[in-house]
Every structure is written in structure tokens, then in C-alpha cells.
Protein chains: 2
Amino acid sequence: MIIGVLGGGQLARMLAMAGLPLGFDFVFYDPAPDPCAAPLGKHMRGEYSDRIMLSRFAQRVDLVTYEFENVPAECIEFLSQITPVHPGAQALACAGDRLREKSVFQELGIPAPAFRAVDSLPELNAAIGEIGLPAVLKTRTLGYDGKGQFILRSRDDVGRAWVMLGGFSLVLESLVAFDREISVLGVRSQAGEILYYPLSENVHHEGVLRFSKSSPQDPEQKAAEELAGKLLRHLDYVGVLALELFQVGSTLLANEIAPRVHNSGHWTIEGAMTSQFENHLRAITGLPLGKTSVTGHSAVVNFIGRQPDLVALLGLRGLHVHLYGKAERPGRKVGHATLWSRSGASFKEGCRTLLSLL
Amino acid sequence: MIIGVLGGGQLARMLAMAGLPLGFDFVFYDPAPDPCAAPLGKHMRGEYSDRIMLSRFAQRVDLVTYEFENVPAECIEFLSQITPVHPGAQALACAGDRLREKSVFQELGIPAPAFRAVDSLPELNAAIGEIGLPAVLKTRTLGYDGKGQFILRSRDDVGRAWVMLGGFSLVLESLVAFDREISVLGVRSQAGEILYYPLSENVHHEGVLRFSKSSPQDPEQKAAEELAGKLLRHLDYVGVLALELFQVGSTLLANEIAPRVHNSGHWTIEGAMTSQFENHLRAITGLPLGKTSVTGHSAVVNFIGRQPDLVALLGLRGLHVHLYGKAERPGRKVGHATLWSRSGASFKEGCRTLLSLL
């Protein structure tokens, strides 16, 4: 079976690593000249708006999936007429537009930070009046890794925020003083079976995920699964979905969904019975899902901007390194490491050592 | 770093799967037009005797390793003058010639079945007189997966054996009525550090490995490690080495060595902290070795001749499938599955189900 992936970055690369042993071949559609997944399949270079190229792509593959939610909705709708696309257009439309996403949260009774749609400066001022400050002004579409966001702490910030983001369709969200950031990854098969991974506990810095660890037997596991389950069923979802949540006291607030494999689930490669990448592929190709249970403790640390020295890093026993084959550039994710340990004590010790090496 | 691999079969393919996340690139040297590792790197097509092509290959890579021991010794010697080759020429010379291998066993005090060199029919008859029947007549070089072997059960078999194998340099070995076939995999770093994996217990059928399972806490672990350690040190070995052993009562007899990653260690991908493939690469590139410890129980079943139905197979939770991208052909290894289970009871149950599906 030939799987077409929109996007040829590290998520596409890791999908291919998981899929080659299952006998799948990959075609990556990406406008970049040399995306990092390319060595693991065929690369078709084209814009997401180029219908001639997209139609050639669709005819070359048996089904299409994507590694990021900023693919234009029209691109997915167009491809869907030629070949199956998983997750479907509905999931992408929801995850690719923050306003629609938040409206779906509301519709499904999923608690989320207060928000208002903002398309003009007067609307922004009105929204601040209603939901208060601090708040985050975000573009409705195309944001990722903290890009397309501006934190408003006082009325003084409004001018600068508007200079940066005015002109886009925006959403103003209440900035939540959370106790913990977590994410739940679920996978849903074509037959509607759903499995969840143990929660991930996440630490972001400057909008970019730095550190995630598995949290087996988390007290919030069941509550998080219930929220993700509502989305998976409502969107008639096929594949892996990540739901990012803020925990405030005993309340979970939905932050955003990612209709794809997710950075906070990279520890599943070593730490879970079946990785998120393999389960995404199993789901979209109609194969039975694999077990999501874990043994021991896992943590993922992202390499941002540069690759650390491998000799020093791999001296830490129990560590696995995943480089993405990307050139180093400030702020860019160029790889990650997963630390796995059977016991909680040696895990904590290992995490400390690992963080000191980066 | 660019790693050159002699041979582009499934072992090379799985080496590349383990090496891409470490940032390595691969060039596979193989005379076949379309070896199954090719999609994971560059393929250079050439004969192992073609010095012009070999020298181009050596200049393209930072170091060379190999996935099978039937590479001509001269090829390795030639390459070694241009670029580092691990494991070294001495290891290959030993493993690639059954007479030399058995002489090394003898020299190091490693117990092994009785053997005699045989180059003529009178020598064969004399050897049978000395070591008795049943016995196995084997070609000194180029044998694998039961090829180049003939079992002599009575004097009546001598004629047919000679028709098939006469003309080759041969070894006659006593056929051992063993209680168990096991293998021990060790990895030795450039600095001389050695780590061992828990033993594998193996079942062969018609000379081809069908089934291997990890045997943690095996009573023979220490004895097997001592034998493998003698070889690793004597050969100044760098990389993964497999030593296949027959157990007869409480005695271990060396059957043969494989100077490479080995089919009986495929379960290490899912079942060990660091797979044999990653540890081979870490060793030959001078990186620190990774932990070889295991959790739970693992078994590998080979797919011989044909690929089983994936939907049925993956319905068995805890199973991982590795297809090699090779065309189906009678007797050919086209893939394997690894079953992993935390508890011994569910593992046994899973093994039964798995074997019933093949």
C-alpha cells in the first residue's frame, strides 16, 4: 500500500519509519526542496494550492494523511474527491481554525478558556472588556509552536499586538494560570474502536514543547479520555488525535487539538507497546490497533536549534536519540531524545542528568 | 557519518532503520539490482571482486560493515586499506571459513562438535571412521541457512553427498543430538567494553531459523557469555557477534559464529533497551554502547516464503510485524514478527496463537 503524506517533516519521517516494516511505501507532498522525510520515500514537490500536482499526488497513492493541520481545507476537500483522506476534512477544518475548534469544544460541552472572535481593533477592545487580561491573541489559522500568538498582559500591549496580528482573523483567549499542561493521545480505527495512551505531562518554553513525560496511572486519565472521546466520535475521526489540556485545580480545560501524531507522544516509540506512529498507520489503513499500554517511565526532550553531542548524550544508559536530518537553525526542532527507565527513582535521576547535558 | 554496508538485505535494512535516527546515512554495496535495503539509502551495484567499484564505495563512506560473512576475505582486506572495516578482517576470515572457525574454537578451548577437514573421497571415508555417524558434511565457505550442507546418517549416504559437495573444500562434523539450540549475542565497543544480551533459544527447521525467544535468567547465560567473550577478545572484535551453541546436558558446544547482527536477536528491537542493530552501529562508530537489558518476554517468528495476512496477524495484541520488502519465494525469509508480553503466562498463550496463524 502506498501512503501519501502532506508534509515531509519529522512527523512524516517517523510515520515512514513505523510504516516501512509494515510493508507500506510513502510519498511525501511538500513545497520544500528537500524535506527531512524524503530519504524514506518519494518526494513530490508542490504547493498545497496546486491542483494539478495534488491530483498527480492523489493518483499515485492509495490514501492520504497529513503531518500538520495548516494544510488548506480546500486542499483536503479536493484530495478527498480522488482518494481517501484520514483524518477526514471535518477534523482538519476543526483543528486548523481556532475559532471553529473552540466552537466545537463549546458544542460538545468540553470546558475551555473563555474566547472571543476578533476581526477589528474595536472588537479586540470589546473582547478584552469581556474576558479580561491577561489574554492571548491568536491567529485563527496557520499558527504553530507559539507562532501567530501575542500575550496581552495589560492594555498597553494592545497597540503592539495589533501591529503584529491586525489584518488576520483572530481569536482572543483568556490566559489560563494552569497548574499543569497535559495531553491525551487517542487513536480511533475505521471501525470506531478507540484506544488511549497514558497521559503526557508537558513543559513548553516560548511556545515550543521542550519536555514531555508519560504519566501512567494519572488521576486525570479518565477525565481526559472522556473529553478526547467526545471529539473522536463527533469528528468521526480515524487516526491519532492529540488533545492538549490545561489543568487548573481539578478542572481540565481544552487548549487545542492536533489532528495527527504529536510531539508529546514521541515517547511512545520506546515507552509504549505500539508507537503513536504505528497506531496512526494501523488506523488509517484499516489494520487492527496495537496495544497502547506502557511499561516503566518515559520522557522526551526536544533538541531545539542544535544537536547536542551524541557521545556525551548516549553515555546516559537508557537514552534513545532521534535526529530528524534537518539543518540546525535557531528555534527549530532538529531531534529529540527519549529516556526510559523501569523504576521511578532511576528515571528521576536520569531526567536530571539528561537536562544537565542539554 | 556515512556507513557503508556490504550486502543490502534485511539485516542491512534493519541496520539503516536503527541508524537513521542517529543521524547516519547509508550506502549499500550489493550485486543485486534491487536489494531490499536500497530504499533506506544509496545502492551501489557491484561484485565483491570488482576493485574499481569497491574502491569507489570505500571513498564514499566513512566506514564499512557487512551483513553477511560470505564476503570474500580479499574484499575486506582491500577495503581495509582505504577505510575502517568493522568487524575486522580477522573476524570475517574466521567466521567465513568453517575450518578456520573450528580451529579457533579449539585454540581458545571452546568445546565444539568433533570435526575433520575433508578434501577428497578417501579423506571423507577416513573422517567418518574417526568421528562416526551421523555427521554433517559442510562446505568450508559460502554456506548459510542450511545451504552447502549434507547430513550423513549411514555409509549409504556418502555417494550422494559426494556428488553434491565433492570438489569443494569441506568439513565433516559430528551431528550432535542436542537438548537445546541457543545463541548468545555480544557487542564489543572500540574501547573493548563488552555487553551481552540475554540468551536466545532457537528452533531451526530445514536449516532455517523459524522461531527464537529471549531467555532472561537462563541458567546457561554465564557459561555462554564466557565462550563468546573469549572470541570477542581474541578477534579484537568491534560490533555485534552471535555465537550459536548446542546444549547437550550441561555442556555447551559451539556450532558457529556470525560476525554480524543475527536473526536470533531480532526480538531485541522491541524486547531490549537497545536493539542489536543500534548497538552494532554504536560500536562501529565509536559511540557508547546502549543497555542490553530486557523487560518481559519476547519471541521472533520468521515468515518463510510468504507474508501472512496482516489483518489476522495484527489482531494479536502485542505483536509487531517487520516485512523486508522482498518478493515472496519458497524458502526465502520475507519478514518476521515479534511477540512481546510482560507476563510469562500471557506470553505462552500468545506464542501458541501466533504459531497457529502462520
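**View 1. Chain A overall.** Chain A has twelve helices and 17 strands. Helices (H or I, at least four residues) and strands (E, at least two) are DSSP runs, numbered from the N terminus. This is a predicted model, in which local features need pLDDT of at least 70, side-chain atom pairs count only at pLDDT 80 or more, and totals for chains, interfaces and linings use all residues. Residues are numbered from 1 along each chain as its sequence is written, chains are lettered from A and ligands numbered from 1 in the order in which they are written, and side-chain values use heavy atoms, with hydrogens and water left out.

**View 2. The size of chain A.** The C-alpha atoms fill a box of roughly 55 × 55 × 40 Å along the principal axes. A compact globule of 358 residues would have a radius of gyration near 21 Å; chain A has 20 Å, which agrees. That radius is taken over C-alpha atoms, and the globule rule is 2.2 Å times the number of residues to the power 0.38.

**View 3. Inside and surface of chain A.** Of its 358 residues, 59% count as buried. Buried means under 20% relative accessible area, exposed over 50%, and partly exposed in between (1.4 Å probe, protein chains only). Take contacts (heavy atoms within 4.5 Å). Among those between residues at least 6 apart in sequence, 60% join residues at least 24 apart.

**View 4. Helix α8 in chain A.** This helix covers residues 221–234. At 1.5 Å a residue, its 14 residues should span 20 Å, and its end C-alpha atoms are 20 Å apart, which agrees. The expected span is 1.5 Å times one less than the number of residues. Buried residues of α8(A) include Q221(A), A224(A), L227(A) and A228(A). An α-helix has 3.6 residues a turn, so residues three or four places apart point the same way. After α8(A) comes D236(A), with a positive phi near 45 degrees.

**View 5. Helix α8 in chain B.** Here too, α8 runs over residues 221–234. The buried residues of α8(B) are Q221(B), A224(B), L227(B), A228(B), G229(B), L231(B) and L232(B). D236(B) follows α8(B), and its phi is positive, near 45 degrees.

**View 6. Helix α10 in chain B.** Nine of the nine residues of this helix (residues 276–284) are buried, so it is largely enclosed by the rest of the structure. Just after α10(B), G286(B) takes a positive phi of about 80 degrees.
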